[in-house]
Amino acid sequence: MKVDVAVIPAAGRATRLYPVTRSVPKALLPVVDRPAIQWVIEEGMRAGVGEFVVVVNRGVDDLLFSHFEGMEGLEALAGFEGVSLEWVVQEQPLGLGHAVLQARDAVGDRPFYCMLGDNLVEPGTDQLGFLAAASDGRSVVCMRELGDEGLDRYGVAVTGEWLNDRLVELAGAVEKPGAERAPSRLGFVGRYVFTPEVFDRLAGLEPGYGGEIQLTDAIGGLAESGRCLGFVADTDLLDVGTPATYLEAVTTLGLGHQQIGAGYRSFLTGLLGAS
């Protein structure tokens, strides 16, 4: 499947990161030397995406535009060289599924990547190309095996027939089931390739878990009709959605940074050796 447009939902309130996200949008939190959303956009560009639809809260679009506009080395992100950014405002915080639905007019009838800004990848461990390659015309969601804590935080797959050791037909999906109710340990970790039929599923949803329109419920509907696959990634994505995992992501990406990684590693080695 050829995919050249990506939707980035960036309108969440990020309450798990309070108090910092009361004044700084989560999408603009610094991760080493750039904001979180820039890592996501650069990942999409590596996968051949030429158009990004970013769903934001009112007022955040101006802040994001100010970051990317005219920045040296990022001219393409302001609309040059065939790459464009479009800001779509989610007027009410009605859930992740509702945020994705706001991109419907911009995406139209094209397949698209959906990339959650909570999850970053180390360059060189990208998963988007694998998702597109795995699609046979159906949507594909990226999954990882979760521990008990993750089963309280992510949507979880109901698995059907395995097509190979990393690709499975999904039979359903459950939002944040917890360890006792989880139908499997395979959770959705923030990277998807969707066919436009997901918008029809989202448009017909009633509020689900937490009183919100859940993307997981739309995935479940696709799965129950035989229209969704699950792909098991061979590497963990980095979660910047909580203070502890945010620090882990910064450290991981800092250690891999071409310019500062060696010095940072030396600092951490000395720090840990002295403790």
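The following legends describe close-up views of a predicted model.

**View 1. Strand β4 and its burial.** Strand β4 spans residues 51-56, and six of its six residues are buried, so the strand is largely enclosed by the rest of the structure. In a regular strand the side chains alternate between the two faces of the sheet. Both faces of β4 are covered. On one side lie Glu51, Val53 and Val55, and on the other Phe52, Val54 and Val56, all of them buried.

**View 2. The strands paired with β4.** Strand β1 (residues 5-9) runs parallel to β4 and is joined to it by five bridges. Within this pairing, Val7 has Val53 of β4 as its bridge partner. Strand β5 (residues 84-89) also runs parallel to β4, and six bridges join the two.

**View 3. Cys142 and Cys228.** A disulfide is a covalent bond between the sulfur atoms of two cysteines. The count of disulfides in the model is zero. Cys142 is in no disulfide, and the nearest cysteine sulfur, that of Cys228, is 12 Å away. For Cys228 in turn, the closest cysteine sulfur is that of Cys142, and the separation of 12 Å is too far for a bond, because a disulfide requires the sulfur atoms to be within 2.5 Å. Cys142 is buried, with a relative accessible area of 0%. Cys228 also counts as buried, at 1% relative accessibility.

View 4. Thr242 occupies the loop between β13 (238-239) and α10 (243-255). With a relative accessibility of 16%, Thr242 counts as buried, because the limit for burial is under 20%. The side chains of Thr242 and Thr245 are joined by a polar contact of 2.7 Å. Leaving aside residues up to four places away in sequence, Thr242 touches Arg16, Leu17 and Arg153.

**View 5. Val32, a loop residue with positive phi.** Val32 is situated in the loop between β2 (30-31) and β3 (34-35). Although Val32 is not a glycine, its phi is positive, at about 65°. The residue counts as partly exposed, with 28% relative accessibility.

**View 6. Lys176, a loop residue with positive phi.** Lys176 lies in the loop between β10 (167-175) and α7 (178-181). Its phi is near 45°, a positive value in a residue other than glycine. At 24% relative accessibility, Lys176 counts as partly exposed.

Definitions and conventions: Residues are numbered from 1 along each chain as its sequence is written. This is a predicted model: local features need pLDDT of at least 70, side-chain atom pairs count only at pLDDT 80 or more; totals for chains, interfaces and linings use all residues. Side-chain values use heavy atoms; hydrogens and water are left out. Helices (H or I, at least four residues) and strands (E, at least two) are DSSP runs, numbered from the N terminus. Buried means under 20% relative accessible area, exposed over 50%, partly exposed in between (1.4 Å probe, protein chains only). A polar contact is a pair of N or O atoms within 3.5 Å; within protein, one must be able to donate a hydrogen and the other to accept it, and residues adjacent in sequence count only if both atoms are side-chain atoms. Contact means heavy atoms within 4.5 Å. Two strands pair if DSSP finds at least two bridges between them.
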